[in-house]
Amino acid sequence: MAEAKTAATVAERPVLRVLSGEAISPPPAWMMRQAGRYLPEYRATRAEAGSFLDLCYNPAFATEVTLQPIRRFGFEASILFSDILVIPHALGQDVRFVEGEGPRLDALEGRAQFERLREAGDPAIFSHLAPVFEAVERIRGALPHETTLLGFCGAPWTVASYMIGGRGTVDLAPARALAAADPALLDALLDRLVAVQTEYLVRQLRAGADVVQIFESHAGVLPESSDGDALKRYSLGPITRMVQGVRAQVPDAKIIVFAKGSGLEGHARVVPETGASAVGVDWGVDLAALRARVPASTVTQGNLHPETLIEGGRALDAAVDAILAATEGLPHIFNLGHGITPQTPIAHVEQMLARLRGSR
């Protein structure tokens, strides 16, 4: 079960201090997808586990790969190793991962496929996800006390786009076409995802996660909305309902929302509209410009470009310095503007952290 988040616990975990509004220099750091293929130890565990889903659903393997970047780099936060697509899998949709191609799902093309999904209150959903919660408990027990543990899920629109398209697509054409042809069906799918994923995050928090993050990977590709505000209609609105639903059960829950592709205006809307504890900032947003647009109390996270991390050298040092300058004296969590990529040299991660931690 989750430990009580006492004032002493918060004081000992730098990420929790920042999420409570404190500016820390240098800021605490972690990386999205920090347990991944750029690490040889991850590749070895992945090979031992078998399929990607076997890795996600085996608490021992999931715990091991979650801990690997903490052992190697000493990040101030660790994020549960899992995938956003365990939710459609738990709902009864076929999900598989094809080596070299990514996820494949049996596409939800209409009402017949939707009606085959499990209802939000079906206990089989959370029986299916029980290994995830066990992994959270194990990870929290194995982490250094000062390390914050993050749980996560995908935002409803992002998860729905995979469920409808059967795979990731650049323009999300299948999901946008369904929104035009049968908006009520898309709304029903989003509603079910809101309900299931709200409970999913609550259970992660109760299992030991300190913080949860909602990943909206496709906030920049949305259907048209009759009211002209597609970001609210399809992205921030469902996320707001999730934040409210989590806090109805865990009132002090810390929740980060990452709305990739929503632009400067969209990022500025995240915290005031959703009630999130922090906004994750993608690499396409000028962090200094965003900080100038939001209250000084707003907690930000991000936004180093993953390609700059690959490049390394002077460009990486300059990018780290620019993030530090933009957030000086303000509450910020150092991170990438999207997930680390497999070709990233480990030495460049070490360079990034040395630059960051030597900045005091």
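Where is Pro26 found? I located Pro26 in the loop between α2 (14-19) and α3 (40-49). I took helices (H or I, at least four residues) and strands (E, at least two) as DSSP runs, numbered from the N terminus.

**Entry 1. Ground rules**

I am working on a predicted model, where local features need pLDDT of at least 70, side-chain atom pairs count only at pLDDT 80 or more, and totals for chains, interfaces and linings use all residues. Residues are numbered from 1 along each chain as its sequence is written, and side-chain values use heavy atoms, with hydrogens and water left out.

**Entry 2. Peptide bonds and phi**

I then looked up the exceptions.

The bond joining Ser25 and Pro26 is a cis peptide bond, with omega about -10°. I found another cis bond running from Gly302 to Asn303, with omega near -5°. Asn303 sits in strand β8 (residues 300-304).

Arg33 lies in the loop between α2 and α3. Its phi is near 60°, a positive value in a residue other than glycine. For accessibility I used these cut-offs: buried is under 20% relative accessible area, exposed is over 50%, and partly exposed is in between (1.4 Å probe, protein chains only).

Leu172 is not a glycine either, and has a positive phi of about 50°. I placed Leu172 in the loop between α10 and α11 (173-181). Leu172 counts as buried because its relative accessibility is 2%.

**Entry 3. A loop residue, Glu99**

I found Glu99 in the loop between β2 (95-98) and β3 (102-105). Is Glu99 buried or exposed? Its relative accessible area is 64%, so Glu99 is exposed.

**Entry 4. Helix α12**

Helix α12 covers residues 183-207. I read 25 residues for α12 and a reach of 36 Å from its first C-alpha to its last, close to the 36 Å expected at 1.5 Å a residue. The expected span is 1.5 Å times one less than the number of residues. Just after α12, Gly208 takes a positive phi of about 140°.

Two packed helices are described by the angle between their axes and the distance between the axes. Axes here are lines fitted to C-alpha atoms, for helices over the stretch in contact, and angles run from 0 to 180 degrees between N-to-C directions.

How do the axes of α10 and α12 cross, and within what distance do they come? Helix α10 (residues 156-165) and α12 have axes that come within 9 Å and cross at roughly 120°. That angle makes α10 oblique to α12. I used these classes: under 35 degrees is roughly parallel, over 145 roughly antiparallel, 65 to 115 roughly perpendicular, and the rest oblique.

On the α10 side, I listed Pro156, Trp157, Val159, Ala160, Met163 and Ile164, which meet Leu186, Leu189, Leu190, Leu193, Val194 and Gln197 in α12. Contact means heavy atoms within 4.5 Å. By class, this contact of α10 with α12 has 11 nonpolar, 1 polar and no charged residues. Ala, Val, Leu, Ile, Met, Phe, Trp, Tyr, Cys and Pro count as nonpolar, Asp, Glu, Lys and Arg as charged, and the others, Gly among them, as polar.

**Entry 5. α9 on α12**

Helix α9 (residues 130-142) has 13 residues and reaches 19 Å from its first C-alpha to its last, close to the 18 Å expected. I listed its buried residues as Pro131, Val132, Phe133, Ala135, Val136, Ile139 and Arg140. Their cover includes α4 (52-57), α5 (59-73), α8 (123-128), β4 (148-154) and α12.

The axes of α9 and α12 come within 8 Å and cross at roughly 30°. That makes α9 roughly parallel to α12. Val132, Phe133, Val136 and Glu137 in α9 meet Tyr200, Arg203, Gln204 and Ala207 in α12. By class, I have 5 nonpolar, 1 polar and 2 charged residues in the contact of α9 with α12.

**Entry 6. Helix α14**

Which residues of α14 are buried? I listed Gly266, His267, Ala268, Val270, Val271 and Thr274. These residues pack against α13 (230-249), β6 (254-259), β7 (278-281) and α15 (287-293). Just after α14, Gly275 takes a positive phi of about 80°.
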